[in-house]
2 protein chains.
Amino acid sequence: MSIYQNRREKIYDWMALEGVSMVLFEDTEGRRDPSVRWLSGQPSDALLFLSIDRKSMLIPWDINMALLYGNADITVPYGEFERHPIRAMRGAAERLKIRRGVKIEIPPVTPYPLFLNYVGALNDFDIICRELGVHEETEKLRAVKDDEEINIYRKAAKITNDIIDLLEKNVRSGKIKTEADAALFIEAEGRRRGCDGTGFETLAAGPDRSFGIHAFPAYTGAAFAGKGLSVLDFGLKYAGYTTDVTLTFARDLSPAQEKLLTLTEKAYKLALSMISDGTGTRTIAAAVDTLFGKSKKHMPHALGHGIGLKEHESPAIRNRDDNSWVLRPGMIFTLEPGLYDPLHGGCRLENDILLTPAGAEVLTEARVIRL
Amino acid sequence: MSIYQNRREKIYDWMALEGVSMVLFEDTEGRRDPSVRWLSGQPSDALLFLSIDRKSMLIPWDINMALLYGNADITVPYGEFERHPIRAMRGAAERLKIRRGVKIEIPPVTPYPLFLNYVGALNDFDIICRELGVHEETEKLRAVKDDEEINIYRKAAKITNDIIDLLEKNVRSGKIKTEADAALFIEAEGRRRGCDGTGFETLAAGPDRSFGIHAFPAYTGAAFAGKGLSVLDFGLKYAGYTTDVTLTFARDLSPAQEKLLTLTEKAYKLALSMISDGTGTRTIAAAVDTLFGKSKKHMPHALGHGIGLKEHESPAIRNRDDNSWVLRPGMIFTLEPGLYDPLHGGCRLENDILLTPAGAEVLTEARVIRL
């Protein structure tokens, strides 16, 4: 049984339990969902239907790509349904022999007007769209990586770490001078080592721009790693899975800059020390917020997030009252405390952590580099 | 009056006409909407509220960035509302002095479950979420570029064309050998010329991979522009606006490859000849489908699309029964016929067209390059 079929079996079990007869997963522009890839191998741009009779139907935009990568019981090009989701659903219900009147679940990100269209056009079915349904269940399953995924992450982390070492070396030697030098170096070296590419647009911000959480533009021809705080946030995608790390380069810091950096390092150590099976992620994020608060500092973003086929996945690691995520072995996630000041610049330290039964394993080797 | 305020005035007029008291535009992860940037200058990650009293309130994730780029009457960091959209809306209604019972319009991409949350939490207002509302109206306004935007596009096209010439030269000389060489060359040269970056991930596919509409991975270390058909699809983002072009490199073609390419060029010429004020875009796309159909070929994607702050904008240029777009002066859009064959490879020719009162002006100089 293929890994994709194996994963689908878990969803079929859940569907049987919940009495849902057909489920739609959708990965299209504006509504990206890597669960389609996780369940079928199809890298992007497809609909995937699963039926309670344990059959799958893949409807890809690019049929040639699907014949190479896709794994499903039935594959039909989207063009056969005029690339129209409601017509595709009608077609899938016929091909998968779904009986009238039963429950069909659509993604919780389905826009309200489109939801009304589904309900209107498929009024012989019971269309369900909810936050806590099969899609949430799939995200929960994806949050705990299986052995194959953990192996991929070890390789991705190895490449990321090799490139971190080279970045440090080349910044120290003066070979990397500008933000663009750093970003293009990562892009070229990552692909040379077998990566699919970067997991997101590399953010390289020299001292004048590091105050931005996400620098805009992401990188420029401006000097990098001069006097002050410079931030380099990047991820490498390997076999679909992305790492996500942030280095801070520090040179000739003022006392105010030194304080931002020291506090960030302290927050990182505190967070890492709290990682353990069964710990609520909100507790960890709240501890960091408290630490920063004691120095009258405020972190304007979450402490971390799961990583995987997308750069931001479950579990959430933030101090918000709707966050009830609890750490479990197999989860891979970032810790990324940071502080930002329009006068002094910003700093962030971010690594990727795998929680094993034995405790936290820091997969990546991002660090503060004092020049 | 700033250009942003000018644009907001058009929305205020529309709100008055439609009796909508407050509107939310949202640009966040998973729900990107460049209308926020178009109306406020804020590059990304923010909520923007407009009130019928002609006031605007920007709620950015990164307050430092908003102080640099944002243009609004009131600016409050998202953190003040715990980065929670419903709390932000409640806060905006208070600050903008919105009376109870009136209409508040939210984006048409709002997920159904989130729509229910808005309605539940803000039951003292009339929450509207519809396909043909203020957001659609804004997209229609954005589809017709103003003079400032057309000037930006002329600069973006100039840079794109310079790089196209260099790409041709370097492929002919053998300096660009691999897909990654081509893609990284574009990335580096674009930024060197003042671009924000690429508008989307460059797709470079040598002969073995060009059958994919969007190659996967986007580019690799494999040979580019060898015997057969190679495709290079890229865009450069300048001052926020992206170009979008595709070159096909052809070398020692088989008769089947030659036929794919000749047909594609013929389709491109046919489409271009039909561009005029008042023409329905579906008519043009249908003519191309018919042309391909006569040779028993099928194009598996749309003929083109508007471009702007996003790589895919209005107008749609496709042969689908829900497409009623009509070309108007000021529109900037792609024409990109292509054919793909798993045995012979694929080809596509794509340029950016500005419709002026005098007719079609082809801004970019992408072409078929026969080696």
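Reader: Which residues are buried in helix 10 of chain B?

Author: In this predicted model, Thr281(B), Arg282(B), Ile284(B), Ala285(B) and Val288(B) of helix 10 are buried. A residue is called buried if 20 or more other C-beta atoms lie within 10 Å of its own, so each of these five names meets that cut-off.

Reader: How does the reach of helix 10 of chain B compare with the span expected at 1.5 Å a residue?

Author: Helix 10 of chain B has 14 residues and reaches 20 Å from its first C-alpha to its last, close to the expected 20 Å.

Reader: What makes the relation of chain B to chain A that of a two-fold axis?

Author: A rotation of 180° with 0.0 Å of shift along its axis superposes chain B on chain A, at an RMSD of 0.0 Å. That is the relation of a two-fold axis.

Reader: How do you know that the copies meet through the same surface?

Author: Of the interface residues of chain B, 100% are also interface residues in chain A, so the copies meet through the same surface. There, 41 residues of chain B are in contact with 41 residues of chain A. Helix 8 of chain B gives the largest share of the side of chain B that touches chain A, 6 residues.

Technical notes. Residues numbered from 1 in each chain as written. Chains lettered and ligands numbered in written order. Predicted model: local features only at pLDDT ≥ 70, side-chain atom pairs only at ≥ 80, totals over all residues. Least-squares fit on C-alpha atoms with pLDDT ≥ 70 in both. Contact = placed C-beta atoms within 7 Å. Helix = DSSP H or I, 4+ residues; strand = E, 2+ residues; numbered from the N terminus. Expected span 1.5 Å × (residues − 1). Buried ≥ 20, exposed ≤ 12 C-beta atoms within 10 Å, placed from the backbone.
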